Amino acid sequence: MIVIGVIYLLIMIMDFYPIIKHKKVKHLIINLMFIIPGLIFLFLAAKGIIVKSWITIIWEFLKSLGISY
Amino acid sequence: MKKIFILVFLLLCSLFLVGCWDAREINTLFIVTGIAIDKSKQEGFFDVSVIGIKTSPSRGGSQSSDDKDKKIVLKTTTRSIRDAFFHLNLNYDRTLYLQHNQIVIFGEDVAKDDLHRHLEFFVRSENSRMETLMLIVEGRADEVFKMDVKQEQNSTIYLFTHIQTISRRVKHYKISVLNFIANLLTEGFHSVIPIFAVNKNDDDDMPINMTGFAVFRNNKMIAKITDLEALGFVLLKGDVKNTNRTIISYDGMVSFDFDDIKTKKEIIYKDNYPIKIKITIEITARVEELLGFEKYSIQDLNRELHNIVQQEIINVATQTFKYFQELKVDVFGIGLSIYQHHPKKWNNLRNDWDNIFASLEVEINPKVVIKDYGQIVSIYNPGGVK
Amino acid sequence: MTIAETKISGRQFMYSIICFIQASAILNAFISNITYQESWLVVIFAFIIFIPSVFMYGALINRFKDKNLIQIIIQIFGPVLGRIISVIYLIFFLSITMFNITDLTDITKTSMLPTTPYIILVMMCILITAWAVRSGLRVLTIYSKMYVFLASFIIILSIIFLFNVIESGNLFPIFSLPLKKYVQGIHILNAIPFGELVVFLLIAPNVQMNKKQTYKYFFLGASIGAFSFFLTVLRDISVLGETFGMFVFPSLVAFRLIRITEAITRIEILFIVILIILLIFKISILYYVTVITVSQIFNLKKYKNIVLSVGFFLMTAAIVLSANSIQHTLAAQNGAPFIWVTLQIIFPFILLLISLIFNIKSPKEESK
């Protein structure tokens, strides 16, 4: 799984090249805002850790309030 | 930069999306065409047999005509179907491939026990197909795989072709796994499955004969119907393209082909409680064979034959209906009809439907049209008085 | 001002909406084990109830002609609160994109590539859709007409081929379930797939259509798409009967039953292929909308340079967060409708109401 993630990141160099070339800091920060959580998820997936989705968390909260079918 | 990306992307597609992990070469597969399940002598275990086609390449100029070369039978004894396939995959050089499985055959003992536990695998597994046909065999199901069939590659392909042929005339002979499961889940309805018997006579090239239907209450076989009741069942179910009946009366013998059998059911209620069922059976009949009846003119013959066939239909259908009432098994969909069209009435009847069905009065109304008498217009009576 | 400068025609917009709903044919499993054989009835009622929402979306588009949903939110609620609300929409768009990626990989694994690793399928999906998104809206929607006709042709062909196994009695009984089941079914359908049409509010500024055409194309697109969905559900129920509620992919099982002659058999691959095409299209639209939302929140002039990083996040999150199909189905049936409908219908209605009460329009509309 890590291998696939690395392959993808290598493909992403295509996006990073113009950002670094033209020094677009804003773009870089936004890209990192998605890449860093993505890397965290990648490591979680590689370890086989399953995380509850936010919808499940909100649904359980709604259920505790009695709002459910 | 764009060209590099396109090149890398195409390389990745050609690497990952052409079935690297899912490659299945034909010489690594055992193509299963039939599965037979019998009760084992060991308590709680089942004998599972699978039959498949040999997929070795043919050599130019020489072909084996020996049937034994074409089929391969694998057997194992396990607690469940999934265990059986796992065991067979472990101990055979090829992987079992179920996507071409035509038929699942159950031995009579297994059918009397519990069919649902075996069907669970066929419903759940991604490798199996729901349109696989089901049938019951008198005695042991694996006897079917020992049959020598001259016409087809193996006995299950023979059986599949056989059922396809007869179901073109009477569709009720074709029950798939999906049909049976749907019937099990349907309220107010019980199922039948065709039952066959292996022909032990070596001189006969018809290796297997259909003997009738196995009647099920939920998952378990409770009775068999043959001959007369099977005809009655077909008449009462309707939606049949062709069947036939030979009737022997005081004046002679007549053989009819019944075409386009349609059935309509009318339920008579009293205080929202069904008390009577009126079944109208519409048949277009053709005279295929006629012996005797010399004393009748053409007009009288027509009337007499009408009377004979109508009376026969009433007798056969009533006898069959009463037989199913004794078994307390509604295979005709009367309960289903109430459930589909009057769900509120059904709510009051569902818990006791089997008893209510058993107490219904039945009235059979045949509507027969004798379409033609074949190629000759009079009675064939060579050497007789004209 | 729109981020993407390409323009598409009103018809392309309409065909995109139809494709979007047709891709949701796979999603009838969400209601099949709630309303069983009466699901066809629920589809009709759900669409009738959704019709006012279609006109509401049309009214919003006409009132804010050159603004997408995020720009409308920022204009009405201001830059700070507007961006906070937009982040909620971003999470929403990311979630539905992830769910649809999961659906695509599930159907591919079940029917064609069972042992191929999940991440490979997700990655290839993301790369293909990223390429489409980077190419722009015109490229995304250019083949929508062809996909609509292809999908409609396959649906009609399947109904013809399955005529010999269709039992009209399987559509009955009707109105035999408790009222709560119908409400739940209608609620789910209004959230998935009808309510997902809210994403087209982010594409609308790039569509060349006048006020009347906005209502016309949106309504026609939604109606034809809903009719396709209805035909699919009707076919599946009339073929599968009581077993309709059992299967994860009822349409796949129904297609497997097609057997006309020995030659015309095992044609479920047609269904799989067109479904994959439609799902890729839907994911492309959702991916595009997500990227546009990010660009809008952070005031970017161009969105192309963030496409792949958003795709990376989608890829990894799809694997981790959509753990298994059972959790996915339960979330879709129970939790998602309440959250989705708030963002898809209730909040846009609040936007329209506020704009009407306070007479807020786009500057173009004000000058007219």
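Trainee: How far is the sulfur of Cys19(C) from the closest cysteine sulfur, and in which residue is that sulfur?

Mentor: In this predicted model, a disulfide would need two cysteine sulfur atoms within 2.5 Å. The separation at Cys19(C) is too far for a bond, because the closest cysteine sulfur lies 16 Å away, in Cys125(C).

Trainee: How many disulfides does the structure hold over all chains?

Mentor: A disulfide is a covalent bond between the sulfur atoms of two cysteines. For Cys19(C), the closest cysteine sulfur, that of Cys125(C), is too far for a bond. Over all chains, the number of disulfides is zero.

Trainee: Is Cys19(C) buried or exposed, and what is the relative accessible area of Cys125(C)?

Mentor: The cut-off for a buried residue is under 20% relative accessible area. Cys19(C), with a relative accessible area of 0%, is therefore buried. Cys125(C) is likewise buried, because its relative accessible area is 3%.

Trainee: What is the mean pLDDT of chain C?

Mentor: Where pLDDT is low, the predicted coordinates should not be read in detail. In chain C, 96% of the residues reach 70 or more, and the mean pLDDT is 91. For the model as a whole, ipTM is 0.91 and pTM is 0.91. The mean for chain C, to repeat, is 91.

Trainee: Which three residues supply 24% of the area that chain A buries against chain C?

Mentor: The contact involves 40 residues of chain A and 48 residues of chain C. Together these chains bury about 3,900 Å², with 77% of that area on carbon and sulfur atoms. On the side of chain A, the three residues that supply more than any other three are Tyr8(A), Phe34(A) and Tyr69(A).

Trainee: How many residue pairs are in polar contact across the interface of chain A and chain C?

Mentor: Salt bridges across the interface of chain A and chain C number zero. Residue pairs in polar contact, with both residues at pLDDT 80 or more, number nine.

How values were computed:
Residues numbered from 1 in each chain as written. Chains lettered and ligands numbered in written order. Predicted model: local features only at pLDDT ≥ 70, side-chain atom pairs only at ≥ 80, totals over all residues. Heavy atoms only, no water. pLDDT = per-residue confidence, 0-100. Buried < 20%, exposed > 50% of the residue type's maximum accessible area, 1.4 Å probe, protein only. Contact = heavy atoms within 4.5 Å. Buried area = accessible area lost by both parts, 1.4 Å probe. Salt bridge = Lys/Arg side-chain N within 4 Å of Asp/Glu carboxyl O. Polar contact = N/O pair within 3.5 Å; in protein donor to acceptor, adjacent residues only side chain to side chain.
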